[in-house]
Amino acid sequence: MIINRDGTSRDQWEPAIHVSNITSISNPRGTVHVTAIDRRTDPNNREWKIWHYSCTPGSSLGCRDVSEWINVEISDRAFHNADDLNIGDYHGITNHGIREAYTVWTDISFPNSFKQDIIGDYYPR
């Protein structure tokens, strides 16, 4: 099952998944939230951003078709780890409510600094 709708052969990896445990009549199974590290916006396949993928399994397909997944860029800038080591070693996601997801990750924001920072953001779908 493919959930990224980028149409490129660039790297996406280190997914984190969380399913909302809050349901409603229109959403009886909860929204599926995934965040992953993604290089789709870099033609050189080097710099990465955090992307959020979500699907509410209301149709008979139940999130099995890529057309049901929404892909949204979360990080406001691209990152490039100076040594390409430890990219995404610490990455997680949770949610609050039916459609609001929070994600955190570590990165080396400034090349040559080798200092890991904890970054976080949320997606209010």
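In what order do the elements of the protein run from the N terminus on? They go β-β-β-β-β-β-β, and the count is 7 strands and 0 helices. Here strands are DSSP runs of E with at least two residues, helices are runs of H or I with at least four, and the numbering starts at the N terminus.

Before going further, keep in mind that this is a predicted model, where local features need pLDDT of at least 70, side-chain atom pairs count only at pLDDT 80 or more, and totals for chains, interfaces and linings use all residues. Residues are numbered from 1 along each chain as its sequence is written, and side-chain values use heavy atoms, with hydrogens and water left out.

Now for the whole chain. The protein has 125 residues, and 41% of them count as buried, meaning under 20% relative accessible area with a 1.4 Å probe, protein chains only. Take the contacts (heavy atoms within 4.5 Å) with a separation of 6 or more: 53% of them are between residues 24 or more positions apart.

Let's zoom in on threonine 31, which sits in the loop between β1 (12–19) and β2 (32–38). This threonine 31 counts as buried because its relative accessibility is 0%. Its side chain makes a polar contact of 3.1 Å with the side chain of threonine 56; such a contact is a pair of N or O atoms within 3.5 Å, where within protein one must be able to donate a hydrogen and the other to accept it, and residues adjacent in sequence count only if both atoms are side-chain atoms.

Step into strand β2 and you find isoleucine 37. With 1% relative accessibility, isoleucine 37 counts as buried. Along the chain, isoleucine 37 and glutamate 14 are 23 residues apart, while their C-alpha atoms are separated by 6.1 Å.

Definitions and conventions
Buried < 20%, exposed > 50% of the residue type's maximum accessible area, 1.4 Å probe, protein only.
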